[in-house]
Amino acid sequence: MDTCLEKALLTRIREGDDTGFETLVGAHSPRLLSLAWRLVGVREDAEEIAQEAFLRLHRSIGDFRGDSSVATWLYRTVTRLAIDHLRRRKLRERIFFFRRSNEEADPMDFVPDPAASPGESCFDGEIRQRIDLAMQRLSARQRVVFTLRHHEEMPLREIATVLGLEEGTVKAHLHRAVRVLRRELKDLQEESS
């Protein structure tokens, strides 16, 4: 969103114009929901995280100084909420054994893609499941950094800004994430070469 348009919208919202906030939500909602979904892997949880980010923005819009763009502020909030969510989920799994096993497949992984052949569907589902399991081996912070870099295609400096970290720290998290994923998916790489 253009900086001038964003400032005009913020002014309108501060003056009590709710349509300005609806415009902000409409402009940022698809990317935020997509980001949250990639980070937590469950659509309903992603929707709650995105909604919470917009609620927090609405509550703090009067104090919003504009040191960063609204998009950066929202990305930072969604990633922090997702990290908290992932940590709570991991803790619940450890304490209460909500799932019988972390290796247990998501039932949606077995829904075939109507455009693919049965053999391709099975192969794609297996690879997707392996990648999902490998992503679960990452810490919450590593998963967020990897997702922002490789799915959102954000530069390292922007990721550092969004997460409130030093760029070197982001590089370290990304390096560790890639190392874990390479180790976990090594056999897939060997099969394809």
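## Phe21 in helix α2

Phe21 lies in helix α2 (residues 18–40); helices here are DSSP runs of H or I with at least four residues, numbered from the N terminus. This is a predicted model, in which local features need pLDDT of at least 70, side-chain atom pairs count only at pLDDT 80 or more, and totals for chains, interfaces and linings use all residues. Residues are numbered from 1 along each chain as its sequence is written, and side-chain values use heavy atoms, with hydrogens and water left out.

Phe21 has a relative accessible area of 11% and is buried (buried means under 20%, exposed over 50%, with a 1.4 Å probe and protein chains only). Apart from neighbours within four places in sequence, Phe21 is in contact with Ile13, Phe54, Leu57 and His58, where contact means heavy atoms within 4.5 Å. Leu57 is 36 residues from Phe21 along the chain, and their C-alpha atoms are separated by 9.5 Å.

## Helix α1

Ile13 is one of the buried residues of α1, together with Glu6, Leu9 and Leu10. Seen down the axis of α1, the buried residues fall within an arc of 100°, so they line one face of the helix; the arc is that of the directions from the helix axis to the C-beta atoms. The face turned away from this buried side carries the exposed residues Cys4 and Lys7. Gly16, with a positive phi near 100°, follows α1.

## Packing of α7 and α8

Helix α7 (residues 156–163) meets helix α8 (residues 167–184) through Leu156, Arg157, Ile159 and Ala160 on the α7 side. Glu167, Val170, Lys171 and Leu174 are their partners in α8.

Definitions and conventions. Axes fitted to C-alpha atoms, helices over the stretch in contact; angles between N-to-C directions. Helix = DSSP H or I, 4+ residues; strand = E, 2+ residues; numbered from the N terminus.
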